[in-house]
Amino acid sequence: MRNLSLFLAAGVLAVQVAGSGWLPGQRAVYNKWHESELERWLSDHGIPHPKPADRKDIEDLVEKNWKDYVIEPYRKWSPSQLSAFLVSRGKEAKAGADETVESLLESVKANWYSSEEAAGKATAETKDWILNTWSDSQLKALCDKQGIPVPATGNRDALLAKARRGFEVGSKAAGETLSYPGDWLYESWSDSDLKKWLDTNGIPAPQRSNRNALVAAVRRNSHLAYLKAQEQEAKARARAKSAYAKITDDVIDAWSESDLKKFADENGISVPQGTRLNEFRAAVRQHRAEIMGTDVHGKATKAFGAATSRASNEYAKASEDATLIAQKAFEDATSAWSESRLKSYLDARGVPIPQNSNFDSLRALVRKHSHKAASGWTAWTFDDLDRETLQKYLQKHGDKAAKAASKKADATREELVKTAQSAYAKAEKKGGEEYEAAKKYGTELSNDAKDKTFEAWSESDLKAYLDSYGVPVPQGSKLDELKALTRKQWTYFKYGTTTPHGTLFAQVEDVLANGLSWLQKQIRAGSEAAKEKAGEADAAARKKAAKVQEEL
């Protein structure tokens, strides 16, 4: 009877718990937020809400959208973004007819950075991650702003701890909780700092690039950027462990004193002056044990924490370097563009073009808006569509003349593009259901075609497209080389210095991987030295055996 009572009580408690909504991702995660924070969250995510409004109504609206924006933000991604994410995680999407949007979503969910519980918990622990993707100078500026003394040491972990204290002080002064900070947190950032952060983390800058929109974009994407950075650090850790696993006792014994000293300097191993060779080797073995987690005194966490902090610093530096490289590459590419292509770049972003603009002023304007990706739907959407896709659009939404043009056997792709742009302009001017239908159908065709852009293009179409940029075609170029050159120009035209999902992180990951190059060279050198010593010993043994045999 007592067991039955306990069972019923547990059942009642479970119902109360489920109803109270305190489980991760549910109402209790944000029910302690101030009303201004709830409204800020809705505004940042572009969710309309009444003003003024009852707090309960605002909470209900947050709860309604919480899963799509916090727990499963990938639900709003396009199929190509979903596939790109899976590839970045080392997974492959199902091939053929099985590759439905739903199957992609399920695969992404199974391979997402964090669980639903962790995602819900993270919003209550914003202080622990929101500053991690900041540069050292930005962290110091926050400390200065909040009157927090900055440590003299170059240790990033110590700087982060002080900056988190500054975050607490600033939040309290603003009358906020520590969950969804206001614009005050980014007061020391310039607009270019905000754009640079978005670019570094592979996030397109918003079309409305005013300061409020930039701050909102940085704030709402901060946790995703943190998760990506954590993944990069985890990969760096794995590579470090893999490298250290190859440093066997034989390798350490084969290293010379200069090799050991260099390894100690590179890896922060403190060795007193005048240390004997055997003691040197013992110190290296101890460091290896700590990194590999085999130290019985529990020093692994401390040592590996230092290695992780170093990886974070390398990651920040690599991110900054990659951003500068991306900006330089964009400027180099656009410096060769034709006047019409420069104007097209600006037009595709809704940037007004001043009258009497010359080449220099156009290039300056393009550089100014390099962080802007092209708008989701404009007449320039037709620019990269192949003949067949353009003909489909004109047949369905062109007027009589446009339909006739689409059937002309000798029509060039450029003529079809201009006809489609003209048909779109007419529909846009007319407005109403016809325009919405034309836009919807064009978007569908564009989405279907974007994963195979330029694949079906002929050599003459590729050359004509490059000519529209003013880019000369190298003599004797093969078809694949033309496609690569075309894709390069198209990527800059469409994305500016922002990057499609994952590409910048791939660059940064490559830079991080190079950070272990010396270690890997030393492993190879040590292995070769060990083999050489083993070979010498083997040769000596054979010589001795031969001598004994001769004596016999």
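**Ground rules**

I note that this is a predicted model, in which local features need pLDDT of at least 70 and side-chain atom pairs count only at pLDDT 80 or more, while totals for chains, interfaces and linings use all residues. Residues are numbered from 1 along each chain as its sequence is written, and side-chain values use heavy atoms, with hydrogens and water left out.

**Entry: aromatic pairs**

I found 26 aromatic pairs in the structure, taking rings of Phe, Tyr and Trp (its six-membered ring) as paired if their centres lie within 6.5 Å, with planes under 30 degrees apart counted as stacked, over 60 as edge-to-face and the rest as tilted. One of them is the stacked pair of Trp33 and Tyr180, at 5.8 Å centre to centre and with 15° between the planes. Trp33 sits in the loop between α1 (2-20) and α2, and Tyr180 in the loop between α8 and α9, so that the pair links parts of the chain 147 residues apart; helices here are DSSP runs (H or I, at least four residues), as strands are (E, at least two), numbered from the N terminus. Both Trp33 and Tyr180 are buried.

I then turned to Phe330 and Tyr492, whose ring centres are 5.8 Å apart and whose planes stand at 70°, so the pair is edge-to-face. Because Phe330 lies in helix α14 (residues 300-334) and Tyr492 in helix α22 (residues 479-495), this pair ties together parts 162 residues apart in sequence. Tyr492 is buried too, with a relative accessible area of 15%. Ring pairs link both residues into a cluster that includes Trp337, Tyr345, Tyr469 and Phe493.

The charged end of Arg341 sits over the ring of Tyr469, 3.9 Å from its centre, and that of Arg349 over the ring of Tyr345, 3.5 Å from its centre.

**Entry: nonpolar cores**

I looked up the largest nonpolar core, which has 40 residues; such a core is a set of buried Ala, Val, Leu, Ile, Met, Phe, Trp, Tyr and Cys residues joined through side-chain atoms within 4.5 Å. Among the residues with the most contacts inside this core are Trp112, Trp134 and Tyr186. Helix α10 gives the most to this core, with eight residues. Another core, of 22 residues, lies apart from it and has Trp337, Val351, Leu365 and Phe493 among its members.

Which residues of helix α2 (residues 35-44) are buried? They are Glu37, Leu38, Arg40, Trp41, Leu42 and Asp44, and what covers them includes α3 (55-71) and α10 (211-245). Arg219 lies in helix α10 and counts as buried because its relative accessibility is 5%. I find Arg219 and Asp44 to be 175 residues apart in sequence and 7.9 Å apart in space, C-alpha to C-alpha. Leaving aside neighbours within four places in sequence, Arg219 has contacts (heavy atoms within 4.5 Å) that include Arg40, Asp44, Tyr180 and Tyr186.

**Entry: helix α17**

The buried residues of helix α17 (residues 387-397) are Thr389, Leu390, Tyr393, Leu394 and His397. Seen down the axis, they fall within an arc of 130°, so they line one face of the helix; the arc is that of the directions from the helix axis to the C-beta atoms. The face turned away from the buried side carries the exposed residues Glu388 and Lys396.

**Entry: backbone exceptions**

Most residues other than glycine have a negative phi, and most peptide bonds are trans. I noted Asn356, not a glycine, with a positive phi of about 60°; Asn356 is found in the loop between α15 (339-347) and α16 (359-368) and counts as exposed because its relative accessibility is 80%. The peptide bond from Lys51 to Pro52 is cis, with omega near -10°, and Pro52 is found in the loop between α2 and α3.

Notes
Buried means under 20% relative accessible area, exposed over 50%, partly exposed in between (1.4 Å probe, protein chains only). A charge sits over a ring if NZ of Lys or CZ of Arg is within 6 Å of the ring centre and within 35 degrees of the ring normal.
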